Amino acid sequence: MSGLLVPCHVKSTVALKVGDMRTSQGRPDVLVVDVTFPNVAPFELQEIMFKNYYTAFLSICVPQHTPLHTPSKWVTCLRDYCLMPDPHSEEGAQEYVSLFKHQMLCDMTRVLELRLILQQPSPLWLSFTVEEAQIYQQGPKSPSLTFPKWLSHPVSNEQPVPSLEGLPDPRVSSEVQQIWALTEMFRASHSYTRMGRFDMDGCYDLNLLSYT
Amino acid sequence: MLQEESDLSLVIAQIVQKLKGSNLYAQLERQAWACLQRPEIRLESLKEDIKEFFKISGWEKKLQNAVYSELNVYPLPSHPSAPPEHLKEPLVYMRKAQGSWEKRILKSLNSMCTELSIPLARKRPVGEQKELLNKWNEMGTDEPDLSLFRPVYAPKDFLEVLINLRNPNYENGDSLSFRTHLGLIQVPLKVKDIPELKECFVELGLTTGQLGIDDSTQVPPELFENEHVRIGQKVLVQQDSAAAQQYIRQGSPTALRAELWALILNISSQPEDVKLTASNDDYYFVFEDYLYQVLLCFSRDTSVLGHFAYNSASPPKSYIRGKLGLEEYAVFYPPNGVIPFHGFSMYVAPLCFLYHEPYKLYQIFREMYVRFFFRLHSISSHPSGIVSLCLLFETLLQTYLPQLFYHLREIGAQPLRISFKWMVRAFSGYLATDQLLLLWDRILGYNSLEILAVLAAAVFAFRAVNLMEVTSLAAAEAVLADLSTLKVMPLLQIFLFATVT
């Protein structure tokens, strides 16, 4: 959930089938969902987040930049990403999933549109889709969440600056900061034990259980 | 790479948060302050010296054990966007089924209260309090009149609910397909097959020594038993939870079992401040009293509520009389949120053989409950949950004993109807105690209840010849009525490693 949420429009799913859809038996096993970003300039994609619903494999395509007036070519940036290790069973069927820029096969710096290709080869499920899709772009850099440059750009050949004797490693302190922030986040979250008082000022007179 | 690092940070943060509220944290802080007096602690290298001190004095090991315990008990933090109910149970239809089941139980309890005109809870009048204090140690022999009370539910009621569990997105048609399951459970959870079980339970293999097999009287103790006991003693000296858990997969020597279980469950040796309603001075040791004391305290222990974060069940709520609907006056009922069922005390009974101090017995039981036993009576998709265990049992039988399975089905004796009660009670009350404890050793060692389903299938395999000749459910029940002579480890070993598949 890093970065800024980009408002998107998820078009209705299109089923892909071979042959005449009216006469053929069985349910479609490939669905295509287009995600557009109306009124938003091409942006750098950071993260795609969604809730799975019985999709086994996911592929994602983006249109390749072409000069105007030529039909755009679609490039695959994620191929057959497995969401359900066993398509016939429940594992992974309703999980929340995040996909990040570094997992993509192509450049995601100027994204105009996304095409999600959902596959579910098992005939056992009545339907499948992905829900609550959210797209995030690169957000403003916050001090606790950035890694030092040499860590996030490993292609560079330069040697990391050797740390001087006795000084703490700056990378460690930034990671510790991040962990500390997460700790505070957990502290704020709901906990049953906080409501677990035994009684109210010595009184535990109860009549009936509540159904809500 | 970045994803793995952020996942790890999330796990670390969660564990740190959990441990910050614990007794251990307070103790570590006190120790750190106290050790500042020591000469070897220098200001220039304060952090390193304190860490070194913790290592030498054994406190680091205690912290390691606590972290290991957290990793074992709490599920890994899920996606940051996942709501808390997703951590309890990821599948929506299972959550709904658990909710409906709970509502049925609540209705049943409420109607019982109304019928008998008694409130759910009220403060004991002073006279009754005094009486309870006096009789604390003899409670088992002088019960209040419970003849009008029915058990809230029995395992077979729960089985009916599980049988009717359906995924609305699943092809539940009548036509036979490659995935038709002939058993009672009709939800497509992932269960292991025998090759996967062999990999998982590799220490139960034919070439590895086992207590329960290689300590029998015919086998000279020099071959395995003596060495195994020696290693067990070493593990206890080291006080390492992870090592103990690995060790106990081959079974625990009787003399070391109490301490090993306490080490694996990370139970401290100091008596904890349990909210006892009465003192526990010298008592006359009778199991019935023990069970009563333990379960009474258990029902009032609000620390048990913590496990509902990862249990698909939720604690029933009530309001202080006259304050219906006002959240400030909401409490959980019972205070620990767990409504017991018929036979619940069987989870405690075997532990009475191991622990004689009440606080230790209580802590072990509580930890066993919030790690394992709660999964046996709530509806969830967890691999150790009762639904998965039932499906695992039926799948093993259907796959590896198809003739037997088909025969029993034909005569109206669905195997799960017989084995369900064994699994729900983790075989307590059905096996001889020494055999039961060997089985529970493996539950602790593998941190999983799947062994219960494997044993149930192994029992059917063992009595297959007799079962093939029966012609009714009653006759099948009779063949499997008495498990008290069974030796669990040979049964498991043969079923997993010696059956031709």
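Modeller: A helix here is a DSSP run of H or I with at least four residues, numbered from the N terminus. The model is predicted.

Colleague: Which helix gives the largest share of the lining of the largest cavity?

Modeller: That is α1(B), with four residues. α1 covers residues 2–20 of chain B, and α4, residues 59–73 of chain B, also gives two or more residues to this lining. Both spans hold at least four residues, so both meet the length set for a helix.

Colleague: What makes the space a cavity, and what volume does the largest cavity have?

Modeller: A 1.4 Å probe fits there but cannot get out, and therefore the space is called a cavity. The volume of the largest cavity is about 60 Å³. The structure has two cavities of 30 Å³ or more.

Colleague: How do you know which residues line the largest cavity, and how do they divide by class?

Modeller: A lining residue has an atom within 4 Å of a cavity point. Among those lining the largest cavity are B:V11, B:I15, B:L71 and B:Y74. Seven lining residues are nonpolar, one is polar and two are charged. B:K18 and B:E70 belong to the lining; they count as charged because Lys and Glu are in that class.

Colleague: Turning to chain A, why is strand β4 described as mostly covered?

Modeller: Buried means under 20% relative accessible area. In β4, residues 30–36 of chain A, seven of seven residues are buried, so the description holds. A:V30, A:V32, A:D34 and A:T36 point one way, A:L31, A:V33 and A:V35 the other way, and all are buried. Over chain A, buried residues make up 34% of the 212 residues.

Colleague: What makes β4(A) and β9(A) a pair, and in which sense do they run?

Modeller: Pairing needs at least two bridges. β4(A) and β9(A), residues 113–119, have seven bridges and run antiparallel, so they are a pair. In β9(A), A:L114 stands opposite A:V35.

Colleague: How many bridges join β4(A) to β2(A), and how many to β3(A)?

Modeller: Two bridges join β2(A), residues 9–10, to β4(A) in the antiparallel sense. That count reaches the cut-off of at least two, so this too is a pair. Here A:V10 has A:V35 as its bridge partner. β3(A), residues 14–16, pairs with β4(A) over three bridges, again antiparallel. A:L16 stands opposite A:V30.

Colleague: How many helices and strands does chain A have?

Modeller: Two helices and eleven strands. Along the sequence the pattern is β-β-β-β-β-β-β-β-β-β-α-α-β.

Notes: Residues numbered from 1 in each chain as written. Chains lettered and ligands numbered in written order. Predicted model: local features only at pLDDT ≥ 70, side-chain atom pairs only at ≥ 80, totals over all residues. Heavy atoms only, no water. Buried < 20%, exposed > 50% of the residue type's maximum accessible area, 1.4 Å probe, protein only. 1 Å grid on protein atoms, 1.4 Å probe; cavity = no way out; pocket = protein on both sides within 12 Å on 5 of 7 lines; lining within 4 Å. Points joined across faces, edges and corners; volume = space filled by probe spheres on them.
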